[in-house]
Amino acid sequence: MVWIDEIIDEIITGVKDIHCTDNIYELYNALEIIIRYLDKDNILLQGNDALYNRCYLDQEVVFIRNDLDHGYEKFILAHELGHALLHTSLKTSPFNPLMNINKLEKQANYFAVKILNVDLDSIALEGFTIDQIASTLELPVAYVTTVREIETEYMMGFEGRCNGA
């Protein structure tokens, strides 16, 4: 059985190879996914930092707050790209009570970590606080605290649980 980390690695490698870039903005352009910047209070954002819509006026669009710092914006765009590429058959998942939204969000976060090559090198970052790590990696503190959890779940713990461990 192919694990989610292998699937994500294949998708990322394929997208980067086909479009000859690892720049998140260039990937959006190549995939013809529109980025629309909105005020944080815009009703389309529904209180979120960003929202991916597969079919907004017959176009794929990511609505994103216009007041995010650059590092956070890149991470959020990578996260939303994860939804676009991983969850291709889902159009209205947030409205489906049977859908495991937490799982989809973890997959999108893991995709973002992988496509941006986020590496929490425990030796290089030893002694750093979460705030210092976030600043160094240009990521929001909330995401830095989940990277290890995501890596552990998908790279180590996920296979063990699926194999009956």
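Trainee: What is the relative accessible area of Cys55?
Mentor: Cys55 has a relative accessible area of 47%, which makes it partly exposed. Buried means under 20% relative accessible area, exposed over 50%, and partly exposed in between, with a 1.4 Å probe and protein chains only. Please note that this is a predicted model: local features need pLDDT of at least 70, side-chain atom pairs count only at pLDDT 80 or more, and totals for chains, interfaces and linings use all residues. Residues are numbered from 1 along each chain as its sequence is written, and side-chain values use heavy atoms, with hydrogens and water left out.

Trainee: And Cys20, buried or exposed?
Mentor: Cys20 is exposed, at 68% relative accessible area.

Trainee: How many disulfides are there in the whole structure?
Mentor: A search of the whole structure gives zero disulfides; a disulfide is a pair of cysteine sulfur atoms within 2.5 Å.

Trainee: New topic: which residues have the most contacts inside the largest nonpolar core?
Mentor: They are Tyr28, Val62, Ile64 and Leu81, in a core of 35 residues. A nonpolar core is a set of buried Ala, Val, Leu, Ile, Met, Phe, Trp, Tyr and Cys residues joined through side-chain atoms within 4.5 Å. Helix α3, residues 70-86, gives the most to this core, with eight residues. Helices (H or I, at least four residues) and strands (E, at least two) are DSSP runs, numbered from the N terminus.

Trainee: What does Tyr28 touch?
Mentor: Leaving out residues up to four places away in sequence, Tyr28 touches Ile33, Ile35, Val62, Leu77, Glu80 and Leu81. Contact here means heavy atoms within 4.5 Å.

Trainee: On to charges: how many salt bridges does the structure hold?
Mentor: The structure holds four salt bridges, each a side-chain nitrogen of Lys or Arg within 4 Å of a carboxyl oxygen of Asp or Glu. One of them joins Arg65 and Asp49, at 3.0 Å from N to O. Arg65 is in strand β3 and Asp49 in the loop between β1 and β2, so this pair ties together parts that are 16 residues apart in sequence.

Trainee: Last one: where does Leu57 lie?
Mentor: Leu57 lies in the loop between β2 and β3 (59-65). Leu57 has a positive phi of about 55 degrees although it is not a glycine. Most residues other than glycine have a negative phi. Leu57 counts as exposed, at 68% relative accessibility.
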